[in-house]
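Here's a quick briefing to read alongside the model. Take a look at it first, then go through the notes below.

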Amino acid sequence: MAQPADDFVSRVLDVVAAIPPGRVMAYGDVAAAIGSRAARGVGQVMAYYGDQVPWWRVVRASGHPAVCHEQRAIEHFRAEGTPLLWSRDGTVFRVDLDAARWIP
DNA sequence: GTCGTGACAGTAG
DNA sequence: ACTACTGCCACGA
């Protein structure tokens, strides 16, 4: 029998917490990792439990960090040594999914 | 059981 | 490159 939806939260936290430093996962990838397509559902969990998981290691499929904490995510990425791609002006940045995308 | 919301994804213009 | 619309899933009231 399938465990209650409450497990969905535990699965998301488990996957995100399992992401090693210097690596990132897309919301859709996290959802796929737990066998769901709820990319938005993952974001919901982060909004509520993100304080106990490395949410900054979870980025969008475009390589941009969470729309609500992008500025904060950069600080963590730089501290973790995550491969970042900066624009020539250095005004915008994005995660190098080609190198940082981590799939369990 | 239905409606609205959301730290998204993918395609089209 | 950007914005806009739609689609999918999970949760709260």
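What radius of gyration does chain A have, with its 104 residues? Chain A comes in at 14 Å, which agrees with the value near 13 Å that a compact globule would have; the radius is taken over C-alpha atoms, and the globule rule is 2.2 Å times the number of residues to the power 0.38. Keep in mind that this is a predicted model, where local features need pLDDT of at least 70, side-chain atom pairs count only at pLDDT 80 or more, and totals for chains, interfaces and linings use all residues. Residues are numbered from 1 along each chain as its sequence is written, while chains are lettered from A and ligands numbered from 1 in the order in which they are written.

**Fold**
- Chain A has 5 helices and 4 strands, taken as DSSP runs (helices: H or I, at least four residues; strands: E, at least two) numbered from the N terminus.
- Starting at the N terminus, the order in chain A is α-β-α-α-β-α-β-β-α.
- Along the principal axes, the C-alpha atoms of chain A fill a box of roughly 50 × 25 × 20 Å.

**DNA strand B**
- There are 18 residues around DNA strand B, and the closest are Tyr27, Gly43, Ala47, Gly50 and Arg60; a residue is near the strand if its C-beta atom, placed from the backbone, lies within 6 Å of it.
- Two or more residues of that surface come from each of α2 (27-33) and α3 (39-49).
- The top contributor is α3, with 7 residues.
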